[in-house]
Amino acid sequence: MLNKQYYIMDGDIVFTVDEDVKYQTMLGFGGATTDSATINLASLSNDAHELVLRSYFGTDGIGYTFIRVPLGGCDFSTHYYAYDDDHPGDSTLQYFNLTEEDYVYKIPNIKRAQELSPNPIRVFTAPWSAPDWMKEIETSGASHLLPEYYETYANYYVKFLQLYAEQGVDFWGLTPQNEPSHGTTNGGFNSMGWTSEQLRDWTAGYFVPALKAAGLDDIVLMILDDQRTQVEEWAEDWYGNESVNSFSDGMAVHWYQDSNSDASVLTQAHEQYPDKFLLYTEACIFTNGVIEPILGDWSRAERYASSILETTNNWVAGWIEWNLALSVEGGPSWMGNSADSPVIVNATADEFYKQPLFYALAHFSKFVPPGSVHIGLETKDDGGISNIAFLTPEGNTVVILMSTENRSCRRRTIYATYSTIVGIADRSSSSEYFKDWTPSVVQLQPCVPRDYGANSVVCVCNATYCDFLEPYSNESISNGNYLHYTSSMAGLRLQRDAKTFVKNASIEVDATFQVNRATKYQEIIGFGGAMTDSTAINIHSMSEAAGKNILRTYFGEGGSKYSLIRVPMGASDFSTEYYTYDDVAGDTSLQYFALRQFEDYQLKIPYLKQIQKISSQDIKLFTAPWSAPYWMKDNGTAFGRSALRLENYKPWAQYFVKYFDAYADANITFWGLTPQNEPNQGGVHKVHIISMGWTAKQLRGFIAEHLGPTLEENGYSYLKLMAYDDSGLYLPEYLQSILKNETTRSYVSGVAIHAYHDDNIDPNIISNLQTEFPDMFFLYTEGEYLHQITVDDLGTWERGEYYGRSLFQSLNHWVTGWTDWNMVLNTTGGPVWSKAPYNAPIIANASADEFLKQPAFYFMTHFSAFVPPASRRIKLEMTKDGGLETVAFLTPEDNIVINLENRPSDQFDLTNCVVLQPSDQFDLTNWVVLQPSDQFDLTNCVVLQPSDQFDNSHIFNL
């Protein structure tokens with residue numbers, strides 16, 4: 001006897017495989033081509049449709065070999081029907097024909113599945129009901145076939161088989177009736193009732209003779225096709241009758257009432273009638289009539305896997321799921337039913353989602369082909385692990401194990417003494433993907449690209465999947481190793497390549513850079529985006545799981561690792577309506593000041609708290625008001641040229657304190673603020689967004705005499721107060737005017753700048769101002785591409801290049817960080833009350849419950865994910881730049897990060913274009929040598945200090 005041992009948890013659990021102990025031969029696994037399933041497939045593009053079928057039946061799929069085909073309409077059809085139902089009394093079946101559902105939907109899918117499969121596909125059928133005119137229907141909905149139509153109905157069944165054969169689809173098997181017990185009590189869906197004896201007698205007296213007369217008596221005939229609770233009764237009634245036993249090949253069982261009977265009844269049936277096979281022919285997640293899909297639900301997959309393990313360990317030879325594919329609502333169904341399915345189709349987005357159910361089935365169908373034999377698997381202690389073993393026709397041993405214990409901190413590893421195929425369904429490892437993530441469990445997940453016809457792609461994320469970076473360790477960037485991350489117009493997104501220094505190499509170069517880590521510039525505060533009302537509303541419009549993935553991709557490990565969030569104080573142009581926190585005219589005591597129930601308490605505050613839990617670093621929140629309440633302003637309205645009335649300076653300063661107090665009461669603490677968003681809007685410019693204008697003189701006085709002292713008196717002196725908060729067009733004059741007052745300057749910590757006119761200003765103005773005001777930090781607090789999103793624009797690379805130009809330019813001129821505007825907008829660039837929709841790095845498509853990461857997202861991430869707060873910009877000198885934008889940083893962990901970007905206008909050969917030549921005056925920690933590939937558009941290099949074992953000729957191959 002050949003024994004193989006499998007050790008679980010370092011050998012504390014031992015399973016022994018005994019190939020000499022053999023049980024049933026497996027028939028296979030599969031699903032049903034219901035009307036609903038095939039209609040959903042047809043709602044996809046041809047390519048997506050084909051991919052679903054390949055996923056189930058192709059050589060690269062999960063190996064389905066069974067297809068169940070309802071005979072006529074069922075509960076998962078779009079309308080109630082049977083064949084020949086519009087010609088009452090047509091006992092000759094003159095008008096019998098198949099329907100559109102057969103010719104357009106079911107038959108083409110069955111034939112394509114047969115073409116794709118490397119194995120024969122067993123097709124079998126079952127009727128839900130005869131036409132109503134053949135039945136007696138009670139007021140309860142229960143029904144039965146009228147005796148005068150017994151022969152007609154047998155011929156009806158044969159007609160169906162013959163017409164399918166004419167279309168090239170031959171049936172392997174059938175059952176005389178789907179769930180015959182259902183129609184005896186009620187008619188909640190298409191049904192027809194039979195007792196066991198009635199159906200037995202009709203089958204023996206009418207149906208089998210009709211099959212023989214048509215030459216179809218070689219079709220496998222299965223009895224029951226109903227719940228496990230009835231197995232014992234039907235086995236006795238049918239198999240115990242000698243005349244019927246001869247044409248009954250096996251028993252079809254449904255799983256819905258398995259909890260009401262023990263699986264041992266299956267073994268008993270086999271032991272009594274060992275020549276009859278047992279086959280599970282229907283199962284789905286379907287409770288109390290209605291249950292919708294839950295994307296990513298692992299517990300439902302466990303139910304499938306548990307059932308398959310239980311039943312196959314009790315002589316069941318195969319397991320067939322119900323609908324191959326359903327919509328995101330779990331339909332369509334004429335009776336308003338809904339159910340879950342291994343594949344959920346989102347026709348709006350032309351995509352489909354493979355649920356955990358799909359993979360639970362795949363662990364069996366992929367590795368246990370027809371003809372496999374269930375073999376012995378023994379253990380003294382299974383440790384709560386469900387288990388089974390098979391021997392395949394190719395002689396491979398397949399062991400399938402499932403842990404149903406929730407051991408989130410323990411992973412199970414299988415060690416085998418012989419080569420074997422092992423399928424594992426393990427909650428302790430798999431469920432982590434569908435539960436709340438923790439920063440310590442991050443794995444590389446690549447971009448799923450989608451091309452909308454622009455010159456690049458977006459990456460598609462949803463409730464169960466998003467692309468994430470794999471964290472790097474010091475080992476991967478030390479001892480001569482380094483990492484290279486590339487994003488490109490061609491579609492690369494943060495593609496990671498591990499490289500090694502090449503010693504004493506000599507190459508021709510197009511550009512030469514020298515990194516000097518001893519020369520340090522500004523300390524980085526961070527990178528981030530704005531939690532506007534529109535952003536929060538768009539996150540809220542998604543499913544909870546998809547919303548969490550948005551937050552995770554911005555703030556979590558493996559994501560952008562944002563550390564800055566700008567929170568508008570009240571409404572902004574990206575709100576759904578104009579409001580402030582005290583719109584009660586004349587309330588100078590601010591008695592009626594209150595945060596908004598929806599925007600603040602239901603949306604922004606909960607999301608900010610989630611972000612703080614998700615992030616592994618401190619999140620710095622800062623705020624800015626767009627406008628005071630209309631009654632405080634001289635124009636008495638939300639927009640247009642306006643200024644704060646002098647008599648309202650004091651209550652307006654107190655308004656800030658009320659805001660910080662209210663957020664503090666909700667356990668949200670701010671890091672900084674600006675006194676006004678874009679003070680030139682509403683002052684210099686007449687605009688139609690929420691605004692309030694300030695001259696530099698006005699704002700200088702407000703800070704010195706009101707805002708600064710009020711914050712200090714109320715315990716908020718620690719807040720970083722930033723001046724300006726507008727584009728660079730008026731920056732020098734405005735800032736110099738504000739800071740020439742020493743009192744004002746004592747309250748101001750930094751300067752806030754917007755990116756909108758960067759292409760039209762000299763970046764040296766910031767460097768000059770830094771020289772003039774060296775105690776001030778300079779932070780970009782808003783930027784976005786001012787262009788309304790359209791479907792055709794999705795994935796446009798130039799939108800990302802806009803971000804790249806501003807990032808490289810500003811960071812090379814003393815800017816300490818860069819904050820984007822809306823983190824998330826919808827597919828129309830909103831919602832926005834001002835009717836001025838724009839663009840964002842992430843576009844949310846709530847109807848498809850998916851979000852699209854645009855190139856701008858990855859431009860930001862090339863900085864935010866690799867340049868953490870407290871990094872320092874370091875010197876990067878060049879003798880020729882090869883047409884590249886460049887900047888270098890030294891991180892708090894003492895890693896060197898270099899960012900490079902091709903200038904769009906330069907057309908040159910990128911091969912061997914960047915090399916850093918070390919100078920003798922620097923030691924080995926001061927330089928790296930770079931050699932890029934010929935495809936990058938935006939790239940990062942992450943380097944730890946080289947080992948002393950290298951000399952001064954290290955090539956850093958990108």
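How many nonpolar, polar and charged residues are in the lining of the second largest cavity? Point 6 returns to this, after the overall picture.

1. Basis of the note. This is a predicted model, in which local features need pLDDT of at least 70 and side-chain atom pairs count only at pLDDT 80 or more, while totals for chains, interfaces and linings use all residues. Residues are numbered from 1 along each chain as its sequence is written, and side-chain values use heavy atoms, with hydrogens and water left out.

2. The chain as a whole. The secondary structure of the protein chain comes to 22 helices and 42 strands, where helices (H or I, at least four residues) and strands (E, at least two) are DSSP runs numbered from the N terminus. Of the 958 residues in the protein chain, 61% are buried; buried means under 20% relative accessible area, exposed over 50%, and partly exposed in between, with a 1.4 Å probe and protein chains only. Among contacts with a separation of 6 or more, 75% are between residues 24 or more positions apart, a contact being heavy atoms within 4.5 Å.

3. Two strands pair if DSSP finds at least two bridges between them. Strand 3 (residues 28-32) runs parallel to strand 4 and is joined to it by 3 bridges, with Ala32 standing opposite Arg68. Strand 5 (residues 122-127) also runs parallel to strand 4, through 6 bridges, and there the bridge partner of Val69 is Thr125.

4. A barrel is closed by 8 strands in the order 27-28-29-30-31-32-33-34, with parallel pairing. An open sheet is formed by 5 strands in the order 21-22-37-36-35, and its pairing is mixed. Strand 21 (449-450) and strand 35 (824-826) stand at the edges with a single partner strand each, so one side of each is left without a neighbour in the sheet. Strand 22 (residues 458-462) runs antiparallel to strand 37 (residues 850-853), with 4 bridges between them, and Cys461 has Phe851 in strand 37 as its bridge partner.

5. Helix 14 (residues 544-555) has 12 residues and reaches 16 Å from its first C-alpha to its last, close to the 16 Å expected at 1.5 Å a residue; the expected span is 1.5 Å times one less than the number of residues. In helix 7 (residues 231-239), the buried residues include Trp234, Trp238 and Tyr239, and what covers the buried residues of helix 7 includes helix 6 (196-213) and strand 9 (220-227). Ser248, in the loop between helix 8 (242-245) and strand 10 (250-254), is buried, with a relative accessible area of 2%. Leaving aside neighbours within four places in sequence, Ser248 is in contact with Leu221, Ile223, Trp238, Tyr239 and Lys276; the C-alpha atoms of Ser248 and Lys276 are separated by 7.8 Å, although the two residues are 28 residues apart along the chain. Ser737 lies in helix 18 (residues 731-739) and is buried, with a relative accessible area of 18%.

6. Cavities, and the opening question. The structure holds 5 cavities of 30 Å³ or more. On a 1 Å grid over the protein atoms alone, a cavity is a set of points where a 1.4 Å probe fits but cannot get out, and lining residues have an atom within 4 Å of a point. The second largest cavity has a volume of about 50 Å³, a volume being the space filled by probe spheres set on the points, which are joined across faces, edges and corners. Its lining consists of Tyr785, Arg799, Tyr803, Asn839, Ala840, Pro841, Gln854 and Ala856, which divide into 5 nonpolar, 2 polar and 1 charged. Here Ala, Val, Leu, Ile, Met, Phe, Trp, Tyr, Cys and Pro count as nonpolar, Asp, Glu, Lys and Arg as charged, and the others, Gly among them, as polar.

Methods:
1 Å grid on protein atoms, 1.4 Å probe; cavity = no way out; pocket = protein on both sides within 12 Å on 5 of 7 lines; lining within 4 Å.
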